[in-house]
Amino acid sequence: MKLIYFDHAATTAMHPEAIRAYAEAAGAGPGNPSSLHALGRAARERVTAGRDVFAEVLNVSASDLVFTGSGTESDNTALFGAAYAQRKKGKNGIVTTAVEHHAVLNACRKLEMDGFQLTVLPVDSNGIVSLEAAKAAIGDNTAVVSVMAGNNETGTLQPYAEIGEWARTYKAVMHVDAVQAFGYVDFDLQRLPVDLLTLSAHKINGPQGVGLLYVRKGTPFQPLLHGGSQEKSRRAGTENVAGIAAFAKAAEIVSIGREARIAHAENIREAFLSGLEQALGSSGFVINGHPDRRLPHIVNVSFPGVSSESMLMNLDLAGIAASGGSACNSGSLKPSHVLTAMNLAPERVSSAVRFSFGLGNTNEEADKTAKMTATISARLRNR
Ligand SMILES: Cc1ncc(COP(=O)(O)O)c(C=O)c1O
């Protein structure tokens, strides 16, 4: 049985060219980028080349880019790094949203335990944070504002640029988690009022365990990890040279092919949803998240009367991989904090399934999955 992978928001397969870049770098010898000898210099050149790719793609200076070990590490480095530096200037407030990834939410909660004043902004039933609420929450005391670009469970896009403009007027540091949006949304950081931006390699067909943090020049910042002086003393630890080479290759590919990538994901999504509509009728499922202000590759659907766990288990038996929420929540029966924050009825939350599309998926797979999902739904409904 050929498996159908509709869980690209959890992680993606590596692109063959990224695998080649990884293998080439990993096979090139034991170079530590901090070593002064020839092999060390060769490794450093690979890291520099990778950084240059991101500098071009994000339209920033290469010296503002810090490689990390994951999206989670970038989020934590951004939040702790800016919050503590801002505290020295007398600023103590953290503003974020109720639908952030746990890498942001739990870091913010830790900052709250450390004495920062945390404001978690609510969202509407589409999962969008109110610009007015954000404006009301940001003031002279605000140290850091963290608002994600696109949500990992619903795909809903946030007004991060508008909030960033407002944060700027109060000299609050603006952090954006772009882990899911990068590769579908253009991030020209010369134009965007964003001081810190998080990316993760494994969401864009790069390897797991590599992240990037953009730190705008002049942003109050102190390192989270203490050790060597790698990454201009902003992130200690030997760089993941092969991972960075592959991450850069993946970033290059998704940036050059962004329009085609969007069209491909939209196509699969539409095929899937129209298949569901045909098989179940419009009353047989409901979409969670904003209908238009959204990423193309994620769709979150509730099937009335069918629990997420039963649906996912049955899909898995049929060779289809989907997810009940963010990957770190799957396996636990805890209701999604994102859907709960959207104030959806508990039955809608407990019957939600996330399908996410990407490299290699076909319309045929979308069709097959829609039919199988409808069959499972009819079989399990109100059992
Ligand atoms: C929006 C968002 N932020 C952060 C992360 C964490 O990234 P990583 O898995 O690289 O730690 C994820 C991963 O699911 C994510 O979707």
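How far does a polar side-chain atom of Ser200 lie from an oxygen atom of the ligand? The answer is 2.7 Å. A quick word before the views: this is a predicted model, where local features need pLDDT of at least 70, side-chain atom pairs count only at pLDDT 80 or more, and totals for chains, interfaces and linings use all residues. Residues are numbered from 1 along each chain as its sequence is written, and side-chain values use heavy atoms, with hydrogens and water left out.

View 1. On its own the ligand has 390 Å² of accessible area, and the protein covers 90% of that (Shrake-Rupley method, 1.4 Å probe).

**View 2. The shell around the ligand.** There are 13 residues around the ligand, each with a heavy atom within 4 Å of it. Gly71, Thr72, Asp177, Ser200 and Lys203 come nearest. Helix H3 (residues 71–87) gives the largest share, three residues; helices here are DSSP runs (H or I) of at least four residues, numbered from the N terminus.

**View 3. Helix H9 against helix H13.** H9 (residues 258–280) and H13 (residues 363–380) pack at about 35 degrees, their axes 8 Å apart; axes are lines fitted to C-alpha atoms over the stretch in contact, and angles run from 0 to 180 degrees between N-to-C directions. The contact (heavy atoms within 4.5 Å) includes Phe272 and Gly275 of H9 and Thr369 and Ala370 of H13.

Notes
Helix = DSSP H or I, 4+ residues; strand = E, 2+ residues; numbered from the N terminus. Polar contact = N/O pair within 3.5 Å; in protein donor to acceptor, adjacent residues only side chain to side chain.
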